[in-house]
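Here are my notes on the model, for your comments. Please read them with the structure open.

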Amino acid sequence: MQDLRGIDLNLLVDLDALLNTRSVTEAARRLNLSQSAMSGSLARLRRLFDDPLMVKSGRGLTLTSRAEALIPSVQEALISIGVVFDNEKDTFVPSTATRYFSISASDYATAVVLGPLIRTLSAEAPNVTINVLPRTADVQTFVRLDRADLIIEPRETMGPTSLPSTPLFTDRWLCMLDGEMHDPSVLDDFDLDYYLTLPHMVYSIGNERQLNLADRHLASLGIERRVELTIESFLMAPLLIRGTSLACLVLERSTAMQRMDGLKLVEPPISVPDIHEEIYWNPRHTNDPGHRWLRARVAATAAALEPVSRTEGDGL
């Protein structure tokens with residue numbers, strides 16, 4: 001084992017910032033250091049590990065394989081050190097704390113769970129600020145780079161992950177249409193043949209146009225539809241569907257808080273798996289008292305959600 005007495009453990013903090021940002025400039029900004037000081041730290045780390053750690057790649061830097069392998073070990077080391085020196089582990093007081101948290105979530109998750117959360121926090125923690133960030137297609141990298149304190153994401157889109165998480169709620173998919181644009185008898189017996197004759201609106205994420213889970217499921221079954229409109233907002237569906245023959249797969253909870261007069265909700269003619277929303281976070285924050293409090297408040301808000309039992313075609 002290497003003798004730690006000859007190593008400046010502050011380099012561990014610098015290394016973590018460099019590994020996460022892949023940028024000397026960004027790492028320096030994160031730690032409030034000068035760029036020359038961070039460059040000096042990188043030079044010392046390269047000597048210590050006998051590895052360049054970061055190399056030029058186009059206009060930026062990329063990590064060497066040795067550096068990539070260091071990421072989980074460095075994170076675990078910082079968490080352990082934080083626990084050792086955390087003498088105020090349970091002193092987070094929401095009513096007096098001044099804190100800034102960022103949460104990445106879709107507009108749907110924002111409306112369903114963060115809306116009620118904010119109404120609670122305005123009284124419980126008046127000096128806590130919540131910054132809601134848009135979803136990203138590469139969620140796991142977003143978490144690893146510490147771009148957000150919490151991520152709200154369907155478990156199904158995350159896939160296998162070692163990130164810590166807490167389940168929030170489940171929702172199901174329905175098909176939304178404007179009832180005045182379709183024969184009522186057809187909607188009462190909504191079948192696949194009629195569904196496939198309609199123009200469709202689909203929800204997608206980011207510049208990559210990553211499809212939502214329902215549309216991915218239909219694509220995996222080889223079902224081809226005529227997509228007339230793509231959007232990045234679940235909550236825009238009622239506004240855009242009204243007065244058209246468009247069909248759109250929507251999450252039931254998103255419809256429970258919107259005006260539905262004239263619109264119809266019907267069971268999709270093909271079974272679509274439910275989604276299971278969870279919160280994910282970087283493991284370095286697991287023992288942070290403020291993060292523990294925030295995660296508990298998000299989970300409690302989700303647990304208090306009313307079950308959705310809207311009858312097809314009901315309006316608000």
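1. A term first: buried means under 20% relative accessible area. By that cut-off, Arg-284 and Asp-16 are both buried. Please keep in mind throughout that this is a predicted model.

2. Arg-284 and Asp-16 bring their closest N and O atoms to 2.6 Å from each other. Arg-284 sits in the loop between strand 13 and helix 13 (289–303), and Asp-16 sits in helix 1 (residues 10–21), so the bridge ties together parts that are 268 residues apart in sequence. In total, the structure holds twelve salt bridges.

3. A second bridge links Arg-172 and Glu-252, at 2.7 Å from N to O. Arg-172 belongs to the loop between strand 6 (165–171) and strand 7 (173–178), and Glu-252 to helix 12 (residues 252–255), so this pair ties together parts that are 80 residues apart in sequence. Arg-172 counts as partly exposed because its relative accessibility is 30%. Glu-252, at 4%, counts as buried. Through shared partners, salt bridges also join Asp-16, Asp-146 and Arg-284 into one network.

4. Another bridge is local. Arg-29 and Glu-26 meet at 2.4 Å, N to O. Both lie in helix 2 (residues 24–30), three residues apart, which is about one turn of the helix. Arg-29 counts as exposed, with 53% relative accessibility. Glu-26, with 37%, counts as partly exposed.

5. The largest nonpolar core has 47 residues, and Ile-152 and Trp-173 have the most contacts inside it. Helix 5 (residues 107–124) gives the most to this core, with seven residues. A second, separate core has 20 residues, including Leu-11, Val-24, Leu-45 and Phe-49.

6. What does Ile-152 touch, leaving out residues up to four places away in sequence? Its contacts include Ile-103, Ala-109, Val-113, Leu-114 and Leu-168. Glu-277, Glu-278 and Ile-279 are also among them.

7. The structure holds one cavity of 30 Å³ or more. The largest cavity has a volume of about 120 Å³. Its lining comprises 19 residues, with Arg-135, Pro-154, Leu-213, Phe-234 and Glu-277 nearest the centre.

8. Which classes line the largest cavity? Twelve of the lining residues are nonpolar, three are polar and four are charged. Strand 5 gives the most to this lining, with three residues. Elements that each supply at least two include helix 5, strand 8 (199–205), helix 10 (213–220) and strand 13 (275–280).

Note on methods:
Residues are numbered from 1 along each chain as its sequence is written. This is a predicted model: local features need pLDDT of at least 70, side-chain atom pairs count only at pLDDT 80 or more; totals for chains, interfaces and linings use all residues. Side-chain values use heavy atoms; hydrogens and water are left out. A nonpolar core is a set of buried Ala, Val, Leu, Ile, Met, Phe, Trp, Tyr and Cys residues joined through side-chain atoms within 4.5 Å. Buried means under 20% relative accessible area, exposed over 50%, partly exposed in between (1.4 Å probe, protein chains only). Helices (H or I, at least four residues) and strands (E, at least two) are DSSP runs, numbered from the N terminus. Contact means heavy atoms within 4.5 Å. On a 1 Å grid over the protein atoms alone, a cavity is a set of points where a 1.4 Å probe fits but cannot get out, and a pocket is an open set with protein on both sides within 12 Å along at least five of seven lines; lining residues have an atom within 4 Å of a point. Grid points are joined across faces, edges and corners, and a volume is the space filled by probe spheres set on the points. Ala, Val, Leu, Ile, Met, Phe, Trp, Tyr, Cys and Pro count as nonpolar, Asp, Glu, Lys and Arg as charged, and the others, Gly among them, as polar. A salt bridge is a side-chain nitrogen of Lys or Arg within 4 Å of a carboxyl oxygen of Asp or Glu.
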